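Colleague: I would like to learn how to read side-chain features in a model. Please take me through a case.

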Amino acid sequence: MAFDEGAKLLPGERERVLEKSGGVTLNLDHGEYYNDPKGEGSFSLLQSAHSMLLRIDPKYACFRLRVGRSPIHRWGVYAEEAIPARRKVIEYTGERISRAETKRRGQGPRTYLFTLDDYWTIDGAAGGSGAEIINHSCAPNLYSCIIKGHILYMSRRAIEPGEELTVDYRFSPKVERVPCRCGAPECRGTINVLRESNGRRAARRR
């Protein structure tokens, strides 16, 4: 695999693929990388490479979307055209992994995991459509639904061009609380829901 030694990802700069055999972790927040000579798990490299391949796969998107810097967290997805309410916007795709593998990958520095059912999880870091980049909000404009094994993001309301797409991740109240910085007036202060419900949780992302 080719690697651009010393390459930096600067704000506003087009994303570049940085790969290296032997283990490497990329820090997108600072545009830097550090070596991991032990190469602890191929999924670490997978997550790192994903960070540099932020894009929308038009095959799974029903509207024109783009990736850009987000005031909520790192990168986000934005509408490039008007999206009517109650329409399929994009499918959440990726590698289907077991519960054991989900637990292992969930320990990584960047996770893009969506629980499909009691047995399977979709890892958006491997073959993701770009839906995995969509940020959390306590007042989201998208909601998720699962139809015949496919995870779909649907529009809750009309979405204007230039608006960031968001979904409520609904982390379980039984796990460690993750602070929310969505900025919505009704923000509950945490990505976790405050009590159990029958609603399906969205992507686990850090």
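Modeller: Thr93 sits in the loop between β5 (88-92) and β6 (95-97); strands (E, at least two residues) and helices (H or I, at least four) are DSSP runs, numbered from the N terminus. This is a predicted model, in which local features need pLDDT of at least 70, side-chain atom pairs count only at pLDDT 80 or more, and totals for chains, interfaces and linings use all residues. Residues are numbered from 1 along each chain as its sequence is written, and side-chain values use heavy atoms, without hydrogens and water.

Colleague: Is Thr93 buried or exposed?

Modeller: Buried means under 20% relative accessible area, exposed over 50%, and partly exposed in between (1.4 Å probe, protein chains only). Thr93 is buried, at 9%.

Colleague: Which residues is Thr93 in contact with, leaving aside neighbours within four places in sequence?

Modeller: Contact means heavy atoms within 4.5 Å. The residues are Tyr60, Ile122, Asp123, Gly124, Gly127, Gly128 and Ser129. A polar atom of the Thr93 side chain lies 3.0 Å from the backbone oxygen of Gly127, and one lies 2.9 Å from the backbone nitrogen of Ser129.

Colleague: How many salt bridges does a search of the whole structure find?

Modeller: A salt bridge is a side-chain nitrogen of Lys or Arg within 4 Å of a carboxyl oxygen of Asp or Glu. The search finds 4. One of them joins Glu101 and Arg104 (3.0 Å, N to O). These two are 3 residues apart in helix α2 (residues 99-105), so about one helical turn separates them. Arg104 is partly exposed, at 37%.

Terms used: Polar contact = N/O pair within 3.5 Å; in protein donor to acceptor, adjacent residues only side chain to side chain.
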